[in-house]
Amino acid sequence: MVNIQVDFDKIVGRIKPMHAVGQPPFTGGFNKLDFSPVQVLRDAHIPYSRLHDVGGPFGGNRYVDIPNIFRDFDADEKDPESYDFAFTDELIKGLMEYGVEPYFRLGVTIENQSHIKAYRIYPPKDYAKWARICEHIVRHYNEGWANGFHFGIKYWEIWNEPENRDDPNLNQMWRGTAEQFYELYDVASKHLKACFGDKIKVGGYAACGFYGIFANPEKYGLSVERREGERYTSSKEEYRVNFFLGFIKYIKEHGSPIDFFSWHTYGGVDIVPTEADFVDRVLTENGYGHIETHLNEWNLSHNRKLNIGTSYASANVMAMMLAMQHKKTDMLMYYDARYISLSAYGGFFDVNTYQPSNVYYAFRAFGELYALENEVACICDGDGVYALAAKNGDACAILLSNIQEDTTVKLDLPDGFCVYILDRDHFITKTDWDPNEFTLAENTVALLKKD
């Protein structure tokens with residue numbers, strides 16, 4: 001039995017955007033781009049979509065990536081004619097029309113087949129010029145430069161996963177040294193902040209994750225169980241942890257601006273909060289405890305069977321969002337929300353019907369709490385059951401996710417609450433259950449709210 005105590009009179013903070021996403025859902029027909037699938041993000045109150053891996057390999061040769069926007073690196077970066085904004089303009093206009101703000105990754109798309117040949121993942125031949133190109137992209141979208149816009153895009157992320165592999169010849173994102181990336185970040189961040197100050201937030205570097213801390217937890221001051229297996233003990237994972245420590249050391253010594261640190265993981269709720277604590281501790285110990293931290297690429301697993309269309313998927317993504325609400329982490333961005341995709345990670349839509357999946361409805365349920373804005377005190381005494389509550393005026397809601405065996409849930413709520421459930425076959429379906437005592441099946445989400 002699990003007891004849950006909620007005090008709707010005690011506001012303890014804000015509901016954070018734990019339900020942001022990567023890759024917006026849109027389609028490209030013969031004659032036009034169709035952004036109507038983005039409506040599902042609006043319906044779920046999803047605030048941000050990270051623009052990375054948009055359009056397929058090499059950004060579809062059209063979207064977002066620096067080489068797609070600035071096609072000839074030897075061209076004049078001050079000349080609007082040197083830029084090709086056409087498709088990225090359409091993408092961002094489509095997002096803004098539906099109230100989803102882009103989170104702009106300045107860099108390139110991963111080259112998964114770079115072991116055959118790498119094209120765009122080498123360090124820019126002129127870091128200062130690369131930074132000036134980024135500057136003009138910001139000016140185009142935020143200051144109207146080159147027949148641009150005044151969108152006020154807030155987050156500008158420098159690169160993505162530069163420590164993707166410990167062997168530079170096999171790295172799928174950065175064919176340079178760690179020190180070369182640190183320098184690129186330093187040059188670009190200083191230039192962008194000098195140009196725009198607090199009008200934008202600059203950060204990076206979209207780290208691959210920190211599984212390596214579990215191979216030797218004592219070394220990193222962790223009181224968690226040591227984990228075996230290549231995922232934790234490989235030289236690649238050790239390299240990634242050391243890359244992060246080296247990056248923080250470098251930017252501290254060089255005074256490189258950073259408004260947010262971004263990182264990735266493909267772990268479950270059993271390890272991700274520990275990774276988040278490690279990130280926050282390193283930042284705090286080095287004087288960066290005040291900056292935002294974004295887990296801006298996450299999923300349960302590289303195994304599609306665990307990610308899409310199962311009760312396991314919807315309950316565990318909800319558990320992650322609820323658990324991370326209580327970490328310092330400021331934002332989560334699920335990878336990914338693509339509409340029609342062969343991606344192993346596109347969990348928002350059924351690939352056969354193109355209809356939203358139960359995973360999407362987990363995000364939509366969280367969006368109901370996000371729309372209420374105010375987190376209220378909520379205590380849950382059961383392992384494997386996660387809980388979060390929110391209110392705004394008279395509107396109140398509670399989210400529960402059970403990833404353990406079937407269990408009885410007991411609450412003490414005022415009159416008027418109804419229970420809605422989410423699993424593989426029920427997409428936030430209203431029940432006739434007693435909201436103060438009911439059985440919540442394994443891998444099931446419950447949304448309790450007043451109608």
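**Figure 1. Proline 17 in the loop between β1 (2-14) and β2 (20-22).** The model is predicted: local features need pLDDT of at least 70 and side-chain atom pairs pLDDT 80 or more, while totals for chains, interfaces and linings use all residues. Residues are numbered from 1 along each chain as its sequence is written, and side-chain values use heavy atoms, without hydrogens and water. Proline 17 counts as buried because its relative accessibility is 12% (buried, under 20% relative accessible area; exposed, over 50%; partly exposed, in between; 1.4 Å probe, protein chains only). Beyond residues up to four places away in sequence, proline 17 touches Pro47, Asp330, Met331, Leu332 and Tyr370 (contact, heavy atoms within 4.5 Å). The C-alpha atoms of proline 17 and threonine 329 are separated by 9.9 Å, although the two residues are 312 residues apart along the chain.

**Figure 2. Helix α3 (residues 86-97) and its cover.** Helices (H or I, at least four residues) and strands (E, at least two) are DSSP runs, numbered from the N terminus. The end C-alpha atoms of α3 are 17 Å apart, which agrees with the 16 Å that its twelve residues should span at 1.5 Å a residue (expected span, 1.5 Å times one less than the number of residues). Thr88, Asp89, Leu91, Ile92, Gly94 and Leu95 are the buried residues of α3. An α-helix has 3.6 residues a turn, so residues three or four places apart point the same way. The cover over the buried residues of α3 includes β5 (48-51), α2 (66-69), β6 (101-106) and α4 (127-142). Just after α3, glycine 99 has a positive phi of about 75°.

**Figure 3. The largest nonpolar core, with 125 residues.** A nonpolar core is a set of buried Ala, Val, Leu, Ile, Met, Phe, Trp, Tyr and Cys residues joined through side-chain atoms within 4.5 Å. Phe104, Ile137, Phe210, Phe247, Phe261, Trp298 and Phe348 touch the most other members of the largest core. Helix α11 (residues 358-372) gives the most to this core, with nine residues.

**Figure 4. Surroundings of isoleucine 137.** Neighbours within four places in sequence aside, isoleucine 137 is in contact with Ile66, Ile69, Tyr83, Phe85, Phe104 and Trp156. A second, separate core has 21 residues, among them Val376, Ala389, Leu413 and Val419.
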